[in-house]
Amino acid sequence: MSDASSTHADVIIIGAGFAGLGMGVRLRRQAERTFLILERADDVGGTWRANTYPGVACDIPSQLYSFSFRQKADWSRVFASGSEIHGYLREVAASEGLLPSIRFGTSLQNARWDARQNLWHLTTSRGAFTARVLISAAGRLSEPRIAAIDGLETFEGPQFHTAEWRHDVDVSGKRVGVVGTGASAVQVVPQLVALGAEVVVFQRSAPYVIARLDRAFSEAERARFAEHPESLDARRAEYFAEAEQGFAQKLHDSNAARSHRARALAHLEAQVDDPVLRRQLTPDYEIGCKRVLISSDYYPAMASTQVTLETSPLVSVEGRVATAGSGASFELDVLVLATGFEATELAFARLVHGLGGQTLAEHWAGGMTAFASTAVHGFPNLFIIDGPLASLGHNSSIVMIETQIDYILGALADARETLEVSADAEQSYTAELDRTSAETVWLRGGCSSWYLDARSGRQTLLWPGTAASFRAQNGHFDPAPYRTVSRAELTSTLSA
């Protein structure tokens, strides 16, 4: 039963990053429903609040990596820094009047569907809440992944994940081990070199890297954007169209993929003269199988005398000695874990209980699934942003988030009190996307990546098509796949 002390809202959103704030802005502008945003941290920003490591920046152009309905005229660069993106999100939350609707320092502990009342009951670190609709905007890059390394806890110096950067640690003159060669490592290694560190990079597999064509916007450009807002829309459309062409590179053994690989290898050859090092930095899988990285200073840093490349993973630590799979050992002062995030098994899913008490994590035991990448059978009035098959490997995630927001707003406008997508709809949608994914480099490119669910081998993160095709298929709510469920049926299911 409902607790009289609980706080109620029509809609409760979990997370105050891009997805949560975007959903909040659209709901507040409609002014038709009450809503709250629950945020475990003490500030908005999500990924861009948490990640403050040296060199953190976006690899999507600024005008495209921002809300289409809240453009920013004065971005400083083509590729914004993490702090500038965080500032943008803070400004959006304040200027759009969202702050009174955000409950900071509020961690979700449990969410349970109450079929008798047609409500979600939430237990949090700051008390109880109820809502007719629950929206997960917790994201996929919120839980740092810590690799299984023997003796990691025995390391005698400072050690931390890139998402939990220790700014009190002075790396100048220190020997720093960096575990991993993904997106954060490619950004942080050049900065460590610039700060005077001696760096050992533990590389499990070499990434593909293309040039970062970054530059500052001139005063004249920023003035034109401010005076002519339509020019921002035009720039955004230009970036979007250019990025969309990149999906063809994700198709296995395509001409576009071969051209993309040639471009990446030409960048490597232009920046690394040593043939031995160049060979060590050359990937042995098809381009796009893992995330293609964007940097113009990673290879020069790797070629510097301050960096040692170890071409096998870190497997054990004892005191200050780190030992790689090759048997090579290195004495380190600082250890940085650039090991990514728990992207395919979301922590949020363990806390959400739908019909019959089943958790979302149990429903996803074989990998994440959802109809329209947003709704899950057995979990009435629950919608997920940036979840199953809702990300991109070639374009802006903000475009996908906005598409899902439009879908959810359509669902909220439905006259029915309770919406539950059918099992057939979820299964058919998932099967079709699994078939489409089978032709991509993510499954046929000869690598193991964080796009794949380790339990099933399914590719559960990336939409296997263009952003435009995602909007065409999922940008408008269709009530047909949703069942009208009676209270008696729901109550019976709950007590079964």
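Guide: Let's begin with a term: a crossing of two helices is left-handed if the near helix is turned anticlockwise from the far one by less than a right angle. Please keep in mind that this is a predicted model.

Visitor: What is the handedness of the crossing of H1 and H3?

Guide: H1 and H3 cross in the left-handed sense.

Visitor: And why are H1 and H3 called roughly parallel?

Guide: Helix H1 covers residues 18-30 and helix H3 covers residues 82-95, and the angle at which they pack is about 25 degrees. Angles under 35 degrees count as roughly parallel, and therefore H1 and H3 are given that name. Their axes are 10 Å apart.

Visitor: Which residues of H1 and H3 meet, and into which classes do they divide?

Guide: From H1 come Phe18, Leu21 and Val25, and from H3 come Ile85, Tyr88, Leu89, Val92 and Ala93. This contact of H1 with H3 divides into eight nonpolar residues, no polar and no charged ones.

Visitor: What makes H5 and H6 roughly perpendicular?

Guide: Helix H5 (residues 219-227) packs against H6 at an angle of about 110 degrees. The range for roughly perpendicular is 65 to 115 degrees, and H5 and H6 are therefore described that way. Their axes lie 4 Å apart. On the H5 side, the contact is made by Glu221, Arg224, Phe225, Ala226 and Glu227, and on the H6 side by Pro229, Ser231, Leu232 and Arg235. Sorted by class, the contact of H5 with H6 has four nonpolar, one polar and four charged residues.

Visitor: Why does Ser101 count as buried?

Guide: The cut-off is again under 20%, and Ser101 has 15% relative accessibility, so Ser101 counts as buried. Ser101 lies in the loop between H3 and strand S3. Apart from neighbours within four places in sequence, Ser101 is in contact with Phe35, Leu36 and Ile37. The C-alpha atoms of Ser101 and Leu36 are separated by 5.0 Å, although these residues are 65 places apart along the chain.

Visitor: What makes helix H4 mostly covered?

Guide: Of the twelve residues in H4 (183-194), nine are buried. Among them are Ser184, Gln187, Pro190 and Leu192. What covers the buried residues of H4 includes strands S8, S9, S11 and S12, together with helix H9. After H4 comes Gly196, which has a positive phi, near 90 degrees.

Visitor: How do you know that Cys289 and Cys447 form a disulfide?

Guide: A disulfide needs cysteine sulfur atoms within 2.5 Å, and the sulfur atoms of Cys289 and Cys447 are 2.0 Å apart. That rule gives a count of one disulfide. The pair links distant parts of the chain, 158 residues apart: Cys289 is in the loop between H8 and S11, and Cys447 is in the loop between H13 and H14.

Visitor: Why is the disulfide of Cys289 and Cys447 called left-handed?

Guide: The torsion about its S-S bond is about -100 degrees, so the disulfide is left-handed.

Visitor: Are Cys289 and Cys447 buried or exposed?

Guide: Both Cys289 and Cys447 are buried. Another cysteine, Cys58, has 4% relative accessibility, and therefore Cys58 counts as buried.

Technical notes. Residues numbered from 1 in each chain as written. Predicted model: local features only at pLDDT ≥ 70, side-chain atom pairs only at ≥ 80, totals over all residues. Heavy atoms only, no water. Axes fitted to C-alpha atoms, helices over the stretch in contact; angles between N-to-C directions. Helix = DSSP H or I, 4+ residues; strand = E, 2+ residues; numbered from the N terminus. Parallel < 35°, antiparallel > 145°, perpendicular 65-115°, else oblique. Contact = heavy atoms within 4.5 Å. Nonpolar A, V, L, I, M, F, W, Y, C, P; charged D, E, K, R; others polar. Buried < 20%, exposed > 50% of the residue type's maximum accessible area, 1.4 Å probe, protein only.
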